[in-house]
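Hi,

Here's the structure I promised to pass on. Have a look first, and my notes follow below.

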Amino acid sequence: MKTVARRSAGTGYSMCVQPAFIIGTDNEDGTPNFAPITWVSATCEGGNDYLLVISMFGGKATKQNVLRTGKLSANLVSTDMLPLMDYFGTRHARDGKKDALAYAVSRGERVDAPVLDASPWVYECEVKQAVQTGESITFFCWIKNVQIDETVSCRDAFDVDLTQLDPVIYSGMYHSVGKRLGRIGDYSL
Ligand SMILES: Cc1cc2nc3c(=O)[nH]c(=O)nc-3n(C[C@H](O)[C@H](O)[C@H](O)COP(=O)(O)O)c2cc1C
């Protein structure tokens with residue numbers, strides 16, 4: 001195994017690489033709102049009770065909407081959705097409806113929140129707990145339903161082939177995924 005010569009870079013390089021999600025919420029007037037949020041992770045309460053963990057900074061409408069309704073959708077962003085994500089992420093609901101690009105919206109099947117029809121993988125969520133740290137709020141959300149593109153074969157949570165979902169990976173810049181490298185255990189002795 002190689003050895004890498006690293007430099008200490010301070011604390012500002014908080015790269016947290018992950019697939020990008022667009023969060024769908026309802027504005028106070030009932031119109032849908034969408035914004036990319038990439039601080040998304042997961043934890044497990046026990047058994048199959050997974051929680052989606054989503055962190056939002058500042059005073060954005062998406063955060064206020066989640067605090068008010070307790071409901072949201074998390075729509076995985078495939079690379080064909082990149083212009084839409086870039087648009088949603090550079091506009092604020094408080095400045096007007098985000099309707100310069102065309103996109104279709106449905107309601108969730110188990111959670112009454114707006115969902116993007118273009119997304120291949122959608123979590124329908126309700127907030128269990130909100131934790132404030134400084135100017136951020138982290139929402140621990142019950143996953144009430146997962147919608148998966150019918151054309152994507154996926155037997156369980158360990159059988160997700162990201163090359164089929166083709167997500168945008170965000171590190172501060174936008175990327176796509178490379179090759180599928182195997183499964184847990186493929187590399188052990
Ligand atoms: C690629 C991308 C990722 C983002 N990730 C986050 C995030 O994880 N948390 C956050 O609070 N804001 C994040 N943002 C910023 C919001 O999407 C942005 O402030 C948006 O305009 C908020 O819209 P709203 O005011 O309608 O809620 C991200 C933006 C982009 C473009």
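The space the ligand takes up is the second largest pocket. By pocket I mean an open set of points on a 1 Å grid over the protein atoms alone, with protein on both sides within 12 Å along at least five of seven lines; a molecule sits in one if more than half of its atoms lie within 2 Å of its grid points.

Bear in mind that this is a predicted model: local features need pLDDT of at least 70 and side-chain atom pairs pLDDT 80 or more, while totals for chains, interfaces and linings use all residues. Numbering runs from 1 along each chain as its sequence is written, and side-chain values use heavy atoms, with hydrogens and water left out.

The shell around the ligand (a heavy atom within 4 Å) has 20 residues, and Pro36, Phe57, Lys60, Thr62 and Arg91 come nearest. Strand S3 (32-37) is among the contributors and gives the most, four residues.

As for polar contacts (N or O pairs within 3.5 Å; within protein, one must be able to donate a hydrogen and the other to accept it, and sequence neighbours count only if both atoms are side-chain atoms), ligand oxygens lie 2.6 Å from a side-chain N or O of Thr62, 2.7 Å from a backbone N or O of Phe57 and 2.8 Å from a side-chain N or O of Lys98. The protein buries 89% of the 650 Å² that the ligand exposes when taken alone (Shrake-Rupley, 1.4 Å probe).

Cheers

Definitions and conventions:
On a 1 Å grid over the protein atoms alone, a cavity is a set of points where a 1.4 Å probe fits but cannot get out, and a pocket is an open set with protein on both sides within 12 Å along at least five of seven lines; lining residues have an atom within 4 Å of a point. Helices (H or I, at least four residues) and strands (E, at least two) are DSSP runs, numbered from the N terminus.
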